[in-house]
Amino acid sequence: MTTPLPPVAADVSAAAVENLSARLRKKLDAAIEQYAAAPATADGDTVSISCGEDAVVTLAPGRSGTVTDADQARCTCLLAPRCLHRAAVLGACPVADPDTTPAPTAPPDDGSSDQGVASDRGVASGHTPAPYASAGSPSASPAGIGTLPADPGSAGPTAAQVAAAAGLWSAAAAALAAGVPAAGAVPQADLLRAAHTARLAGLHRAEAAALRVVRGLRSARARHDSHRLDDLVSALRELLLTTGLLAASEPDPALIGTARRGYQPGGSLRVHGVCREPVISATGYGGVVTHLLAEDGRWFSVADVKPGGPARARGAATATVALGAATLDHAQLARGGLLVTGATVSPDGRLGSGRGVRATPLAGLPWSSGPMAALFARPLAEAVATLLSTTPGDDPERAEAVGQLVGCDMVVAGAAGDHLLAHELRPGQEQAPSVDGSPAAPTGPLIRLVPASGHPDLAHTANLQQLASRPGLRIRVLGRLDPDRATTLRPLAVGPVPYAEATLRLPAGWLDRADLGYDRLQGSHLPPREACPAMPALAHTLPDPMADAPLWQFRHLVELAVAGGRRSVGEFARTGGTVGGDGFAPLRRAGFQAAAELAAQLAAEADRRGRDAFGRLTDPDTDRYAWAWLGTAVHLAATERALVRASWHTVG
């Protein structure tokens, strides 16, 4: 098996492309594809890739495992370092997270440390943030960049931040106009260079969005199985919205973002293990996050996420927790607890392992007692109304609340395609008899349960298939809402419903819970089929307002702009009758008047052709097109979020 390539800092990768001649840049995309498939060999801390008889590229990442300096990437050919081999190998490497590269405005370390470097929120876990410190703290910046305001709430962005945002907007608009097929290594390098400039200016939110866009473009061009077009659309929408507002000197401090959020003293904490969540990121990181709940209902977590991918995610399931002198692993912590003194806590609830931290293991609590019982007492619709209250453009810190874990009791209805359908059990329905003495049919909403991760090395999919084999089975589910799909949960762990007969029968050592990513459910863990009450046949598929509404045409146009570029949208406008006609009449008839107007404006702008004084066609303005697409994408996201919220209150 080939050695994975190390992540590379954005500025290193961008500089390598900028140093190429125009002739070599034309060959870069093909070279990246070639060297990405070439075997890499490890020798100690270095990784080598053979690029021909006389060319071997050697990468020597630092202690963080990331290539952060140009001297850490060398080639043996005569043209090095301005050679195609070196630039192509760097282009084939994953883009490093900002957390793993030195920050020019980073505050001094507070002595605490995390147990891993998190990356790519949402790939496998949806909740893998790394520790940061406040971006609003005054600190010196490199010459020519300026300084962050001491109080970000009292002033708008600085002149340097406005300029950096404008540069990043231009690079993003050019990538949007090009589309995935034409957004190769050179446009990506422009984005990476602009992202690095934004970082130096302290625009952490814009930088993070730009790196997500580059990763999405690379994944799309490489046709990775993990690529999702809607993720790329979301990242590009976030990037254009953030940089567009910053370039206009919008004073909202949330547009600046935060970086290197530091650990703060947390005093003494008594926390109880809830579940483990495997992490497999698109940038080559892997590990585990163990979720903990305090006596007062606050969420905490302990993470072990480092370079290594799927193999490390599997091994981290039973890795030792390095927190104080506590000698237990993540599997034990997920079913146990800790009494922590001198705790250090990041703003997102990550527990640090500084020198003064002391931790004593505690006996675990079942989900039916203590603070965890409250997780399953609240109707799911109430939790959804709170978690899905954000809209596009909101502060990412607030938007992260969508990823908070929620729990409910359910009864399995059956399988439907790639997901499991289950009814929410209302309080008192666990054993409620019907007139003839048999358990009553559930009356709660019908909800989709989809795998939290479809990675074949994880057990999510297999476990849901096991649960689907027992219609009528009562289960207690802990998971995360899918904000992009109607009435959908992504479960992380399951357990038996208290006092129910037709429920799970887990080993005593599992403490009445199974982590769906790691623990594999067997037939012996399920009740006999005859013990499960008969369920009504699923007479119809679960209503999906996202699929049933004519928004598919609106969504297709937004996604086509990213997947195919401006030329594809212009061709769609000419062949689809949207210019000079009303190709979006179905939207109007369904009441989506604003969507129809925005779609028509985007199609018309994509097909617009300017001419100079001599009547010759000129390059169209990417800014006008980007603004037209952004307005359409934001309206689509807000409309879909409203439909998802409504779906939780209309199904039954």
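1. Two strands pair if DSSP finds at least two bridges between them; helices (H or I, at least four residues) and strands (E, at least two) are DSSP runs, numbered from the N terminus. This is a predicted model, in which local features need pLDDT of at least 70 and side-chain atom pairs count only at pLDDT 80 or more, while totals for chains, interfaces and linings use all residues. Residues are numbered from 1 along each chain as its sequence is written, and side-chain values use heavy atoms, with hydrogens and water left out.

2. Strand β15 (residues 474–481) runs antiparallel to β16, and six bridges join them. Within β16, Gly-495 lies opposite Arg-476. The hairpin of β15 and β16 has six residues between the strands, and Thr-487 adopts a positive phi near 40° there.

3. With strand β14 (residues 446–449) the pairing is parallel, over two bridges, and Leu-489 of β16 stands opposite Leu-449. With strand β17 (residues 514–515) the pairing is antiparallel, again over two bridges; Ala-514 in β17 is the bridge partner of Val-494.

4. How many residues of strand β16 (residues 488–495) are buried? Seven of the eight are, so the strand is largely enclosed by the rest of the structure. Buried means under 20% relative accessible area, exposed over 50%, and partly exposed in between (1.4 Å probe, protein chains only).

5. Arg-476 also takes part in a contact with an aromatic ring: its charged end sits over the ring of Phe-376, 4.5 Å from the centre. A charge sits over a ring if NZ of Lys or CZ of Arg is within 6 Å of the ring centre and within 35 degrees of the ring normal.

6. An open sheet contains five strands in the order β9-β8-β7-β10-β11, with antiparallel pairing. β9 (299–307) and β11 (358–362) are at the edges, each with a single partner strand, so one side of each lacks a neighbour in the sheet. Strand β10 (residues 337–345) is joined to β11 by five bridges, and Thr-341 stands opposite Arg-358 in β11.

7. A search of the whole structure finds zero disulfides (a disulfide is a pair of cysteine sulfur atoms within 2.5 Å). Cys-51 is in none; the nearest cysteine sulfur, that of Cys-75, is 6.1 Å away. Cys-51 is buried, at a relative accessible area of 11%. Cys-75 is likewise buried, at 13% relative accessibility, and its sulfur is 3.6 Å from the closest cysteine sulfur, in Cys-77, which is too far for a bond.
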